[in-house]
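I opened a new structure today and kept notes as I went. The entries follow the order in which I looked things up.

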Amino acid sequence: MNEPLHSVTTMPTARQPGCPFDPPKELIQAREQSPISRLPFPDGHQGWLVTGYDLVRSVLADSRFSSRKELMSHHPTIDYGGFEVPPAPPGEFLLMDEPQHSRYRKPLVGKFTVRRMRLLTERVEQVTAEHLDAMEKAGPSADLVTAFAKPIPAIIICELLGVPYEDRGRFQDNIDKFLNGEVSDEDQFAAYTATQQYLAELVAAKRANPTDDVLSDLLDSDLTDEELKGMSLLLLSAGFDTTTNMLALGTFALLRNPAQLAALRADPMLADKAVEELMRYLSVAKQFQRVALEDVELGGQTIKAGTTVILSYATANRDPERFTDPHVLDLRRQDGGHLAFGHGIHQCLGQQLARVEMRVAFPALLNRFPTLRLAVPADEVALRPETADIYGVKSLPVTWDT
Ligand code: HEM
């Protein structure tokens, strides 16, 4: 028998004034009522909102729930007017199921292992130090996003993939445009197409002159140029935006929690734990969605084949049934297992890279600027809109004593 049904009327998106790090209040309240709620979509389609940790995790591990783009016509906040969504282009495996997904993910797994990423530590330290030097020289104030959070992950993923960073004028702003949700649909499409065009040219150039990088390594496989273009686009966009927002929003959160910041500054050994806790607490990849391929029983409800399920990673990571005092940022927290990198077959491929970057960058920043502080009142920090796939700040004005 089905459990009593809890419903929300729309997808809660607005964060409470003064609480930039917490999920929207209505989303937390929905989880308090029930870990699964009915959710109507703008097009009239009745879907589901899953907010509890156990249920989110179980959907992510269940192959009866699909990530296929062409099944994702129902969006929680945008009314697509029922137009047909095409399948993900070759290589963009985030939005594919097996066996297509593995065709692309498998050749990459060995290139993003813990060991491989640890070998990059020295380079990450060097790039971080260069940016801190530049910040110090230009200081005593800076926008932490442009001076620090954006360039460091961008340079590292470009070097790893073999994308010349000096070409960034041709892809960085465009990737921003199609990820940040602030420009028109036409402009997003144009930005996406321009990035594809750039990467098509890059793949052709690598074919002619292979270099020592992930993209060139993949030329020896049976992957077509079209597929390599799609894989590069996914890696580049995933590698840019996510870590950038974690570094900027994470610094903001530390500055608003001075005791935690002092603990991290005093004990560099805390960096590994601090990164996991900031990931849990902030959940910048706040939600993803899946579509049921068949009728599935979940949390006492029947999810009918073809219905859309929104998975709130942000509330799952704040679930009191899983985490003690979930709304407290506690860098020494013992209960791990957050879902901020996802779970199951689509679990973040770049998580070890992101970890290395954050473990180096946060302590280096705090140690270089012992008096780092916000240069504007906290409520004037510009937040990214909830329409952006990845949450964070648009800019973070900071200052320090010289
Ligand atoms: C702090 C930074 C990051 C966060 C929060 C993050 C978050 C996530 C999440 C939640 C997913 C799963 C999506 C789903 O469930 O459908 C994912 C997938 C993915 N991420 Fe990350 N990510 C980060 C950094 C990176 C980096 C640096 C790369 C660069 C290589 C990357 C590449 C990918 C790829 C390729 C996938 C798709 C995996 C698949 O479908 O098999 N991510 N990421």
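**Entry 1: around the ligand**

I started with the ligand and found 30 residues surrounding it, the closest being His101, Arg105, Tyr313, His346 and Cys348. A residue is near a molecule or strand here if one of its heavy atoms lies within 4 Å of it. I noted that this is a predicted model, where local features need pLDDT of at least 70, side-chain atom pairs count only at pLDDT 80 or more, and totals for chains, interfaces and linings use all residues. I also noted that residues are numbered from 1 along each chain as its sequence is written, and that side-chain values use heavy atoms, with hydrogens and water left out.

Which elements supply at least two residues of the shell each? I listed α3 (100–109), α11, β5 (287–292) and α15. Helix α11 gives the largest share, seven residues. Helices are DSSP runs of H or I with at least four residues, strands are runs of E with at least two, and both are numbered from the N terminus.

I sorted the shell by class and got 21 nonpolar, seven polar and two charged residues. In this scheme Ala, Val, Leu, Ile, Met, Phe, Trp, Tyr, Cys and Pro are nonpolar, Asp, Glu, Lys and Arg are charged, and the others, Gly among them, are polar.

**Entry 2: the iron and the ligand oxygens**

Which protein atom is the donor to the iron atom of the ligand? I found a single one, SG of Cys348, 2.3 Å away. Donors are N, O and S atoms within 2.8 Å of the metal (3.2 Å for Na, K and Ca); water is not among the atoms, so sites may look incomplete. I placed Cys348 in the loop between α14 (313–316) and α15.

Next I checked oxygen atoms of the ligand. A side-chain N or O atom of Arg105 is 2.8 Å from one. Tyr313 has a polar side-chain atom 2.6 Å from a ligand oxygen. For His346 I also read 2.6 Å between a polar side-chain atom and a ligand oxygen.

I looked at α8 (residues 172–180) and found seven of its nine residues buried. Buried means under 20% relative accessible area, exposed over 50%, and partly exposed in between (1.4 Å probe, protein chains only). Among the buried residues are Ile175, Phe178 and Leu179. The buried residues of α8 pack against α7 (151–161), α9 (185–208) and α11 (225–255).

I then moved to Ala364 in α15 (residues 351–368). Ala364 counts as partly exposed because its relative accessibility is 24%. Leaving out residues up to four places away in sequence, Ala364 touches Thr128 and Leu132. Contact means heavy atoms within 4.5 Å. Ala364 and Leu132 are 232 residues apart in sequence, yet 8.2 Å apart in space, C-alpha to C-alpha.

Most residues other than glycine have a negative phi, and most peptide bonds are trans. I looked for exceptions.

The bond from Glu98 to Pro99 is cis, with omega near 0 degrees. Pro99 sits in the loop between β3 (65–66) and α3. The bond from Gly139 to Pro140 is cis too, with omega near 20 degrees. Pro140 lies in the loop between α5 (121–138) and β4 (141–143).

Ser283 has a positive phi of about 35 degrees. I found Ser283 between α13 (271–282) and β5, in the loop. Is Ser283 buried or exposed? Ser283 is buried, at 1% relative accessible area.

Asp325 has a positive phi of about 40 degrees. Its loop runs between α14 and α15. Asp325 is exposed, at 52% relative accessible area.

Note on methods:
Polar contact = N/O pair within 3.5 Å; in protein donor to acceptor, adjacent residues only side chain to side chain.
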